[in-house]
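Good morning, everyone. Let me put the structure up on the screen, and then we'll walk through it.

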Amino acid sequence: MTVEFEDILYEVRNTVAWITINRPEKMNSFRGQTCDEIIKALNKAGYDKGVGAIVLAGAGDRAFCTGGDQSAHNGNYDGRGTIGLPMEELHTAIRDVPKPVIARVQGFAIGGGNVLCTICDLTIASEKAIFGQVGPKMGSVDPGYGTAFLARVVGEKKAREIWYLNRRYSGAEAVAMGLANICVPHDQLDAEVQKWGEEIGERSPTAIAIAKRSFNADTAHQSGIAGLGMYALKLYYDTEESREGVNALKDKRKPDFRKFAK
């Protein structure tokens with residue numbers, strides 16, 4: 001079945017399916033349609049017997065993904081789902097697809113983009129990669145896998161640092177904390193990603209699928225945390241405190257959240 005996409009590119013290279021967010025003019029931030037298309041592409045690749053691994057990438061050199069498109073966010077986003085983005089479905093699709101998903105990070109992996117890297121099975125970074133969270137600076141937060149699962153990946157103290165301080169981290173620092181598997185020279189990134197994907201494609205697909213399900217079983221309860229958290233996030237987005245982050249961005253000023261805090 002042929003699937004037409006607008007926000008992403010889909011290509012199978014040998015046994016590796018590449019899903020590329022194709023919104024470089026928006027720093028590969030996602031809107032509702034982007035999420036829906038990634039979900040469709042994951043399912044397409046996940047059940048294609050000729051595919052052994054899946055790569056999630058971002059077009060251009062500047063960004064892997066910078067999270068939700070703030071231009072589509074004014075107390076809500078533009079699509080379906082609890083907050084106007086089907087985030088629960090997208091995160092679940094990455095975890096449930098029976099093939100490893102590799103995040104290819106060539107630039108900024110910020111906010112929701114950092115969350116995608118956290119959830120992907122593997123992350124391969126360029127020396128130009130930059131990771132980090134901005135939620136509390138923008139009037140937002142990821143109350144599911146982006147916090148709870150991140151703590152499993154990098155440890156409680158580091159996860160809290162990432163969310164509370166909103167600092168940025170290099171590809172090498174991401175490797176050191178366990179957020180990325182390897183950091184390579186920028187011009188070697190695609191070759192390294194393809195190499196890892198093809199190696200996985202040589203393995204038993206059933207064994208890989210069972211292994212992935214086994215890894216996921218240990219944190220399956222976090223989908224419940226995410227579901228509840230998204231409803232809390234929806235209520236938060238309806239507050240003046242949250243809107244202050246978006247308004248400050250539009251006005252190109254520093255937000256003053258405390259004047260709205262209750």
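A word on the source. This is a predicted model: local features need pLDDT of at least 70, side-chain atom pairs count only at pLDDT 80 or more, and totals for chains, interfaces and linings use all residues. Residues are numbered from 1 along each chain as its sequence is written, and side-chain values use heavy atoms, leaving out hydrogens and water.

Along the principal axes, the C-alpha atoms fill a box of roughly 55 × 35 × 35 Å. The protein has 11 helices and 10 strands. These are DSSP runs, numbered from the N terminus: helices are H or I, at least four residues, and strands are E, at least two. Of the 262 residues, 50% are buried, meaning under 20% relative accessible area with a 1.4 Å probe, protein chains only.

Now the pair. How do α2 and α3 cross? The axes of α2 (residues 87–96) and α3 (residues 112–119) come within 10 Å and cross at roughly 25°. The two are therefore roughly parallel to each other (angles under 35 degrees). Leu 90, His 91, Ile 94 and Arg 95 of α2 make the contact with Val 115, Leu 116 and Ile 119 of α3; contact means heavy atoms within 4.5 Å.

Definitions and conventions
Axes fitted to C-alpha atoms, helices over the stretch in contact; angles between N-to-C directions. Parallel < 35°, antiparallel > 145°, perpendicular 65-115°, else oblique.
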